[in-house]
Amino acid sequence: MTQHLLRPLQLGPFMLPHRIAMAPLTRSRADRHTAAPGPLNVEYYRQRASAALLITEATQISQQGQGYAWTPGIYTEKQVHCWRAVSQAVHQEKGLIFMQLWHVGRVSHPCFQPYNGRPVGPSALPVPGQTFILDANGNGTWADIPVPRELTIEEIAAIIHDYRVAARNALRAGMDGVEIHAGNGYLLDQFINSSSNQRNDRYGGSIISRVRLLLEVVEAVVGEIGAERVGVRMTPMGRFMGMGDETPEATFTYAARQLNRWPLAYLHLVEPAVVGTTRAEEHDPAWDKMMSLMRESWLGTLIVAGGYDPQSAEQALASGRADMIAFGRAFLANPDLPRRIREGLALNAPSPESFFGGDACGYTDYPLHP
């Protein structure tokens, strides 16, 4: 039974036909020269337009915000024009699409930075990870991340402005709204977590100061496009790229409570059920406590993601754990996922080897159910 998954939901000004969302999925298939989507990307999103809410892959707000090869941007006229073809295709299929906005912060490489500079972050601390770049022959390869340089107050103000412009550009490109990416070890998450933020100014130290940048970005974006068209994604207790907080329950519930200042479309939480591209073997009971606290703290619509299948998603909605479920790999491999859930049809298995980069193989060639 999937009766809860198939119930309508009011999301801001939008009446959704069901509660099956498509999670943002980095697929690394934008043009390497322009960082703009092309016809293949248009078809990919069109195929999946039956999602009640389709959230695009993470899209950098500036050149500085890029950290991986072949990811798209939303800071040039070319990018706006090409994203418009995506939104038009989704709308022709009666779909709803939000663009996820990101700045990767320190998770980058000089080859992506203006003037081959160092990546930027809240503090000049080593980053335990690698990022995906292009070698001299244009092939993808993994590279170590250099120690970032600490952002100045003036540079932080410029980044807030970049978020504002990116949100404006997203709507110019025909998007119905935006999701601010504040998780997964990227810039806003780096400021929130005490392990990566050792500043001693108004953006570091106390919980209030570490959450400040997120709230100022939300305020700027809301002021540009309206709160009902803005969602926020967070990963409490996330460990990717060296994340960690001394008091995660206090930090993230404070952030959730502060987000209640605005009537946002939703808060989107990623559960720590997935490590890399495989599901974690052990359930973490600490997350259940965190999830309960976040549910109490956030008063609006709550979306969760994290390796759900139709059965576990139905249970999550029935228990009140969330209001909507975002599916990642299941939607990647099943463009017609809502129909398959509705009719109890078998699901295609995803092919991890084609997750990042490449052509139509493993991207737009997953079959629809007969």
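In this predicted model, the axes of helix 6 (residues 248–259) and helix 7 (residues 285–297) approach within 8 Å and cross at roughly 25 degrees. Axes are lines fitted to C-alpha atoms, for helices over the stretch in contact, and angles run from 0 to 180 degrees between N-to-C directions. Helices (H or I, at least four residues) and strands (E, at least two) are DSSP runs, numbered from the N terminus. Helix 6 and helix 7 are therefore roughly parallel to each other, the class for angles under 35 degrees. Helix 6 passes helix 7 in a right-handed crossing, in which the near helix is turned clockwise from the far one by less than a right angle.

On the side of helix 6, Pro 248, Glu 249, Phe 252, Thr 253, Ala 256 and Arg 257 meet Lys 289, Met 290, Leu 293, Met 294 and Ser 297 of helix 7, contact meaning heavy atoms within 4.5 Å. The residues of this contact comprise 6 nonpolar, 2 polar and 3 charged (nonpolar: Ala, Val, Leu, Ile, Met, Phe, Trp, Tyr, Cys and Pro; charged: Asp, Glu, Lys and Arg; polar: the others, Gly among them).

The largest nonpolar core contains 85 residues, and those with the most contacts inside it are Val 232, Met 234, Leu 259, Leu 264, Leu 267, Ile 325 and Phe 327. Helix 5 (residues 207–225) supplies the largest share of this core, 10 residues. Apart from it lies another core, of 17 residues, including Leu 9, Ala 52, Leu 53 and Phe 98. Such a core is a set of buried Ala, Val, Leu, Ile, Met, Phe, Trp, Tyr and Cys residues joined through side-chain atoms within 4.5 Å. Buried denotes under 20% relative accessible area, exposed over 50%, and partly exposed in between (1.4 Å probe, protein chains only). Beyond four places in sequence, Val 232 touches, among others, Leu 214, Val 218, Leu 259, Leu 264 and Leu 267.

Thr 301, in the loop between helix 7 and strand 16 (302–305), is buried, with a relative accessible area of 15%. Residues up to four places away in sequence not being counted, Thr 301 touches Leu 9, Gln 10, Leu 11, Ala 265, Tyr 266, Leu 267 and Asp 323. Met 15, in strand 2 (residues 14–16), counts as exposed at 54% relative accessibility.

Residues are numbered from 1 along each chain as its sequence is written, and side-chain values use heavy atoms, with hydrogens and water left out. For this predicted model, local features need pLDDT of at least 70 and side-chain atom pairs count only at pLDDT 80 or more, whereas totals for chains, interfaces and linings use all residues.

Definitions and conventions: Parallel < 35°, antiparallel > 145°, perpendicular 65-115°, else oblique.
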